[in-house]
Amino acid sequence: MSHNRTQHIQNQYHSSLRSLALILLWVVIGSSSADDIEVYLQPPVEPVPPNILFLLDESGSMGGPVDQNNVTAGSRRDALVSALRRIVDHELLDNVNAALLGYTTSGFGDEATTRLEALTGDFAIVGDERSAFRSEIDNLQSLFYTPTTDALAAAVDWFNPNRIPTQIQGSSLQSPLNGDPEELRCAPNRLVLLSDGAPNTTTRTEYEGSVCAQVNLFDNFVDSNNSPPSWYNDGARCAYEISAWAYQTDLATDPGWDGVQNILTYTISFGAPEDSPTRQFMDGVAGVGGGISWHADNEDDIVNAFTTIIEEAQDSIDYAMNAPAIPFNPDNAAVNDEYIFVPLFYPEARNFWRGNLKKYRMDVTDDDIQLRASDGQLVLNEDHTFASTVDLFCQQAGCQPDEGDPLNGGAARNMTGLRTLFTNLNPGASLEHASNRIHRDTTAITPEMLGVTSEEERTILLNWISRHPEYVATENHPARDGVMGAPIHTRPQVVRYGQQSTVYLPTSEGVLEAIDADTGEELWAFMPQDLMPNIRHLRNNNPSNTPYYGLDGPMTIYEIGNRKLAIIGMRRGGEKYHLLDISNRLAPEYITEISREASPSQYARLGQTWSKPLFVQMRVGGANRDVLIFGGGYDPDQDNSNLTDDQGNAIYILDAADGSLLTSISNTDASHTIDGMDHSIPSNLATVDINGNGLEDRIYAADVGGRIIRVDFPDEENESSAITGGVLADINQGSNAHRKFFNTPQIGYYAKGTRQFLVLMIGTGDHANPLDADYQDRFYMIRDNDIWGREITDETADDGDFINATTTVLNHGEVLTDQYRGWFINLPAGEKSFSRAILYDYAIFFTTYRANIELPDDPCLASSNTGTANIYGLDLISANAAINWNGATEDPLTISDRSTELQLQGIPPSPMLVFPGGEDSDGNTTLGKKIFLFADLEKKHEWSDRFLPIYWEEVIED
């Protein structure tokens with residue numbers, strides 16, 4: 001490296017340092033992105049099996065061809081049989097208590113009588129009775145009519161422990177709720193109705209003592225004589241009432257039956273054309289029955305529907321639990337001047353997790369950071385749980401202390417009255433236009449759009465979500481007043497508008513909240529239109545092992561010219577980003593949706609949107625541009641697999657002004673291809689400006705396959721060059737383990753004599769499976785020797801190219817030799833890296849988490865897991881301990897000093913550097929004479945009277 005190059009980098013560093021002269025600088029690099037739902041909600045070792053009754057159409061139309069254009073493809077009955085065989089043989093049904101009920105009629109015409117047959121007899125655990133299930137599946141028939149309503153009534157009677165379903169042929173059938181409530185009280189009950197035709201033959205007009213509403217879906221339905229027979233509408237009558245009654249009624253109320261033993265009804269319309277009366281009828285049965293409707297055209301569609309329904313049932317155990325006290329995590333907070341905005345949530349064994357946003361004051365001294373509420377009260381107890389205080393959003397007298405409850409007080413306190421809730425229903429109009437309001441007066445919002453069948457249900461849902469004063473609350477469906485969605489993995493951001501500020505926060509309600517930073521009032525909220533069908537599920541709030549995620553992804557807010565823009569991801573909530581213009585504090589504008597659905601060819605590899613878009617300047621397409629760059633996201637197949645991915649294995653670069661795609665990089669289906677990009681990239685990307693001209697010209701990406709991918713971009717100095725890239729390191733190559741990267745690599749620069757290289761520091765840990773202990777995770781220091789060149793000249797580093805420094809201190813000579821490309825340390829069993837590292841004073845700091853798995857014995861009790869958190873400090877080159885955590889200076893450092901346990905329990909925040917300071921006599925902000933290393937708001941170390949580099953430009957000289 002030339003002297004001029006060195007001097008340029010050093011000057012750039014010192015210039016950057018001067019710009020950090022703030023009262024407080026939080027060096028917080030991304031939030032801990034652990035998928036920690038397993039930590040907050042752990043089911044028993046042997047969970048209660050769900051009760052699932054498959055109600056199967058055996059009418060004559062099931063004998064018709066699956067494909068009208070290819071009669072040799074087989075009948076619908078054959079497709080159903082094949083699908084059921086596949087499902088029954090799958091381990092998915094090992095712990096499912098199921099039964100098969102076939103329905104049709106005996107004979108035609110006036111002599112036809114309802115035929116209901118319990119094909120497999122009583123409910124049984126499928127894993128114990130597979131041969132019997134296979135045999136009865138093969139005996140499915142295609143006979144006469146379709147008495148769907150009678151079949152629904154009989155199915156509900158079978159579940160009801162107070163009735164005997166005498167109308168069903170078979171043995172003396174027992175309700176699956178006949179048994180010990182201690183073992184059965186939390187089991188979900190599901191009725192899965194599959195039919196390919198319109199209901200008929202039923203003559204009932206009332207159910208449970210109430211007259212059933214007339215159904216008019218089939219007014220234009222004609223029979224073989226081309227006339228509209230009444231029996232189709234008559235056949236549909238009472239079906240909605242039966243399904244709704246089953247969903248709303250507690251079937252077991254005797255002592256010991258805690259919770260509600262109701263039935264959720266799911267439907268599968270097989271071969272019914274889109275917008276047909278039959279499909280509308282089936283959708284309606286599911287809508288009022290608390291379930292979901294599916295449309296199937298072939299065997300694979302049926303398998304997919306059954307699989308999803310079964311998985312949902314297994315995740316819907318109605319567990320009793322005590323929600324854990326979630327410690328404060330500063331990673332997820334937003335700091336604005338002396339105020340800090342803290343997002344909170346409350347885990348529940350249900351769909352809709354509630355949350356809050358609270359405002360406190362930060363006191364920063366030479367020795368400590370403290371959060372203070374009204375009247376100067378300390379917010380946190382010694383164990384970092386919340387004391388009972390009044391947060392600073394309360395601006396009137398008489399506010400009661402929150403008793404340490406995350407749901408009391410805060411912005412949630414102000415979530416009352418009719419809200420302004422926008423959506424992007426009409427892209428040709430502004431969000432302020434009435435057609436883009438989620439409100440009962442918005443006629444474009446139809447019942448079908450919300451997954452319900454009537455205008456009455458539509459109005460109820462819209463009144464509930466908009467907090468309309470005419471919403472009538474019930475015990476099972478309370479009002480939304482005082483309720484806010486949970487910010488599970490999201491982080492608020494504060495945007496200043498003159499003398500006013502707004503806090504933006506995405507939540508599990510599926511909305512982006514805009515909250516006044518002074519008062520905590522909700523100014524407006526935005527819900528993408530494709531999330532509106534989930535309003536019903538939020539209101540129903542059924543038992544669930546996992547929450548509805550909504551907008552649970554990363555958010556980036558940035559400015560271009562006079563415009564303020566926000567891009568929001570969805571994480572587990574979906575595979576989209578939404579871009580909004582928030583320049584007008586009270587009137588946002590929707591810009592575009594970034595998704596595979598909207599642009600199939602451009603975003604063919606986009607997965608769940610976990611990666612936070614970075615707003616940077618790059619030279620793309622021969623011009624310097626403001627761009628957004630992000631990883632392709634997460635492929636949910638990785639939850640249970642280590643195979644290569646077809647989602648998420650990409651890098652995308654967008655025009656930051658309008659969200660249009662500028663270029664994409666993947667192994668296929670992209671503008672530029674790089675071999676080896678075979679796994680999804682859920683983490684944030686890391687960028688480098690190699691020549692210091694203000695344009696980022698290198699990207700590093702870490703994927704769940706254990707690879708570090710490097711991509712180099714041309715800029716003004718090498719305009720004619722093409723985008724190049726490759727796999728810098730593959731830690732799983734040559735290893736018998738499969739370790740995953742979910743963190744962003746931290747980057748540093750080393751120079752000594754002729755030795756120059758970049759170092760990438762990163763730990764492994766499967767954030768999607770925080771309790772998994774199949775592999776021992778590691779922390780890596782990885783060298784990239786090709787700093788100034790635009791191509792990787794070294795071969796891909798594999799497992800054998802790294803020194804194992806777990807039990808030894810390395811000497812610099814062996815680390816720097818060409819024989820190795822860096823080092824690693826093994827983390828203790830079960831311990832995972834859950835934060836991005838930071839680099840300071842030639843040392844690496846990062847936090848880890850180890851779950852303490854203590855699963856309950858009670859099959860209906862869930863538990864939480866606080867686990868153990870640690871912070872590490874390692875020398876960049878030797879991997880020895882970097883500091884003495886107890887503050888001693890006389891003892892030599894050894895590997896036993898590498899880490900210390902954090903007082904905080906639960907998933908830890910990233911380490912952070914704090915620069916306390918003040919003002920000089922002229923009122924200018926000044927840096928203090930100390931630098932603090934903090935973890936969980938507890939000072940772990942301090943450096944005195946010197947400032948050292950913290951960016952990649954760091955020049956390290958030994």
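How far apart should the ends of helix 9 be, at 1.5 Å a residue? In this predicted model, helix 9 covers residues 277–288, and its twelve residues should span 16 Å. The C-alpha atoms at its ends are 17 Å apart, which agrees with that expectation.

Helix 9 also has a clear setting within the fold. Nine of its twelve residues are buried, so helix 9 is largely enclosed by the rest of the structure. The buried positions begin with Thr278 and Arg279, continue through Phe281 and Met282, and end with Gly284, Val285, Ala286, Gly287 and Val288. Just after the helix, Gly290 takes a positive phi of about 80 degrees.

The largest nonpolar core holds 43 residues, and the members that touch the most others are Leu55, Trp158 and Leu191. Two or more residues of this core come from each of strand 1 (51–57), strand 2 (97–106), strand 3 (113–118), helix 5 (148–159), strand 5, helix 7, helix 8 and helix 9. Helix 5 supplies the largest share, with eight residues. Another core, of 39 residues, lies apart from this one; Ile438, Leu450, Val511 and Leu580 are among its members.

The structure holds three disulfides, and when the bonded cysteines of the chain are numbered in sequence order, they pair as 1-6, 2-3 and 4-5.

A disulfide with an S to S distance of 2.2 Å joins Cys186 to Cys860. The torsion about this S-S bond, between Cys186 and Cys860, is about -75 degrees, so the disulfide is left-handed. Cys186 sits in the loop between helix 6 (181–184) and strand 5 (189–195), while Cys860 sits in the loop between strand 39 (843–850) and strand 40 (868–875), so the pair ties together parts that are 674 residues apart in sequence. Cys186 is buried, with a relative accessible area of 2%, and Cys860 is buried as well, at 1%.

Cys212 and Cys238 form another disulfide, with their sulfur atoms 2.0 Å apart. The link of Cys212 and Cys238 is right-handed, with 100 degrees about the S-S bond. Here Cys212 belongs to the loop between strand 7 (210–211) and helix 7 (231–236), and Cys238 to the loop between helix 7 and helix 8 (239–248); the two are 26 residues apart, and the pair links distant parts of the chain. Both Cys212 and Cys238 are buried.

In the disulfide of Cys394 and Cys399, the sulfur atoms are 1.6 Å apart. A torsion of about 85 degrees about the S-S bond of Cys394 and Cys399 makes this disulfide right-handed. Cys394 is buried, with a relative accessible area of 11%. For Cys399 the relative accessible area is 19%; with burial set at under 20%, Cys399 is buried too.

The pairing can be followed residue by residue from strand 45 (residues 930–935), which pairs with strand 42 in the antiparallel sense over three bridges. Within this pairing, Leu913 has Leu933 of strand 45 as its bridge partner, and Met912 stands opposite Phe934. Strand 45 also pairs with strand 46, again in the antiparallel sense, over six bridges. In that pairing, Ile931 stands opposite Trp943 of strand 46. Strand 45 and strand 46 form a hairpin with two residues between the strands, where Asp936 takes a positive phi near 50 degrees.

How much of strand 45 is buried? Five of its six residues are, so strand 45 is largely enclosed by the rest of the structure. In a regular strand, side chains alternate between the two faces of the sheet.

Key:
Residues are numbered from 1 along each chain as its sequence is written. This is a predicted model: local features need pLDDT of at least 70, side-chain atom pairs count only at pLDDT 80 or more; totals for chains, interfaces and linings use all residues. Side-chain values use heavy atoms; hydrogens and water are left out. Two strands pair if DSSP finds at least two bridges between them. Helices (H or I, at least four residues) and strands (E, at least two) are DSSP runs, numbered from the N terminus. Buried means under 20% relative accessible area, exposed over 50%, partly exposed in between (1.4 Å probe, protein chains only). The expected span of a helix is 1.5 Å times one less than its number of residues. A disulfide is a pair of cysteine sulfur atoms within 2.5 Å. A nonpolar core is a set of buried Ala, Val, Leu, Ile, Met, Phe, Trp, Tyr and Cys residues joined through side-chain atoms within 4.5 Å.
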